[in-house]
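Please look over the sequence and the model below.

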Amino acid sequence: EYLAQIGLTNLAEKSRVLDIATNPNSLFLGRGKNANARPLDVDADLVPVVEFLSAKGVSQQGLVQIIIGYPPVLSGGVPPLERFWAYLEEIGIEDVGAVVAERPNLLGLDVDRNLRKIVDYLQYVETPIETIIKYLERSI
């Protein structure tokens with residue numbers, strides 16, 4: 001099984017991750033929904049996401065943290081990850097992989113619908129970029 005190969009070995013966690021990634025009405029999300037939830041293919045869906053994260057320097061432990069912390073990453077595909085990574089690098093985050101491994105839920109912020117607006121507002125009210133980065137790393 002592919003998830004076990006990348007280090008996700010706990011059966012309960014695998015079940016939770018797969019339910020969230022493939023079931024738009026997963027009870028694990030409470031009132032939330034995963035709009036990208038769908039049947040997944042290992043080669044077409046999981047491998048490209050894992051390879052993208054690995055190519056960006058995310059360790060095996062970081063991969064597991066990201067997948068457990070934000071299972072929809074598996075069903076969202078690579079293009080949103082590319083936009084997300086590029087934007088965080090653009091605003092000055094040097095190790096995006098470390099930030100995402102520590103705070104996987106950041107991946108739930110769409111760059112154009114959420115994240116850019118948050119950062120733009122903080123810049124508008126003259127929040128220093130270093131502070132914005134700290135917010136992203138710790139609290140937003």
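Predicted model: local features only at pLDDT ≥ 70, side-chain atom pairs only at ≥ 80, totals over all residues.

How do the axes of H6 and H8 lie? They come within 11 Å and cross at roughly 10°. That makes H6 roughly parallel to H8, because angles under 35 degrees count as roughly parallel.

**Helix H3 and its partners**

Helix H6 covers residues 78–90. It also packs with H3: the axes of H3 and H6 come within 10 Å and cross at roughly 20°. H3 and H6 are therefore roughly parallel to each other. Their crossing is right-handed. On the H3 side, the contact is made by Pro-48, Val-49, Phe-52 and Leu-53. On the H6 side, Val-78, Leu-81, Glu-82 and Trp-85 take part. The contact of H3 with H6 divides into 7 nonpolar residues, no polar ones and 1 charged.

H3 spans residues 42–55, and H4 spans residues 60–69. These two helices pack at an angle of about 130°, with their axes 10 Å apart. H3 and H4 are therefore oblique to each other. The crossing of H3 and H4 is right-handed. Val-50, Leu-53 and Ser-54 of H3 meet Leu-63, Ile-66 and Ile-67 of H4. Here the residues divide into 5 nonpolar, 1 polar and no charged.

| Pair | Axis angle | Axis distance |
|---|---|---|
| H6 and H8 | roughly 10° | within 11 Å |
| H3 and H6 | roughly 20° | within 10 Å |
| H3 and H4 | about 130° | 10 Å |

**Single residues**

Which residues does Leu-136 touch? Leaving out residues up to four places away in sequence, its partners are Leu-88, Ile-91, Ile-93, Val-99, Arg-103, Leu-106 and Leu-115. Leu-136 lies in helix H9. At 1% relative accessibility, Leu-136 counts as buried. Leu-136 and Asp-120 are 16 residues apart in sequence, and their C-alpha atoms are 13 Å apart in space.

Pro-80 is found in helix H6. Is Pro-80 buried or partly exposed? At 36% relative accessibility, it counts as partly exposed. Pro-80 and Ile-93 are 13 residues apart along the chain. Their C-alpha atoms are separated by 17 Å.

Two loop residues also deserve a look. Ser-26 sits in the loop between H2, residues 11–22, and H3. Ser-26 is buried, with a relative accessible area of 2%. It touches Asp-19 and Ile-20, not counting residues up to four places away in sequence.

Glu-126 is found in the loop between H8 and H9. H8 runs over 111–124, and H9 over 129–138. At 70% relative accessibility, Glu-126 counts as exposed. Its phi is near 65°, a positive value in a residue other than glycine. Most residues other than glycine have a negative phi.

**The whole chain**

How many helices and strands are there in the protein chain? There are 9 helices and 0 strands. From the N terminus on, the elements run α-α-α-α-α-α-α-α-α.

Along its principal axes, the C-alpha trace spans about 50 × 30 × 25 Å. With 140 residues, a compact globule would have a radius of gyration near 14 Å. The protein chain has 15 Å, which agrees.

Of the 140 residues, 39% count as buried. Leu-136 and Ser-26 are among the buried residues. What share of contacts joins residues at least 24 apart? Among contacts between residues at least 6 apart in sequence, the share is 60%.

Terms used: Residues numbered from 1 in each chain as written. Heavy atoms only, no water. Axes fitted to C-alpha atoms, helices over the stretch in contact; angles between N-to-C directions. Helix = DSSP H or I, 4+ residues; strand = E, 2+ residues; numbered from the N terminus. Parallel < 35°, antiparallel > 145°, perpendicular 65-115°, else oblique. Left-handed = near helix turned anticlockwise from the far one by under 90°. Contact = heavy atoms within 4.5 Å. Nonpolar A, V, L, I, M, F, W, Y, C, P; charged D, E, K, R; others polar. Buried < 20%, exposed > 50% of the residue type's maximum accessible area, 1.4 Å probe, protein only. Rg over C-alpha atoms; globule rule 2.2 N^0.38 Å.
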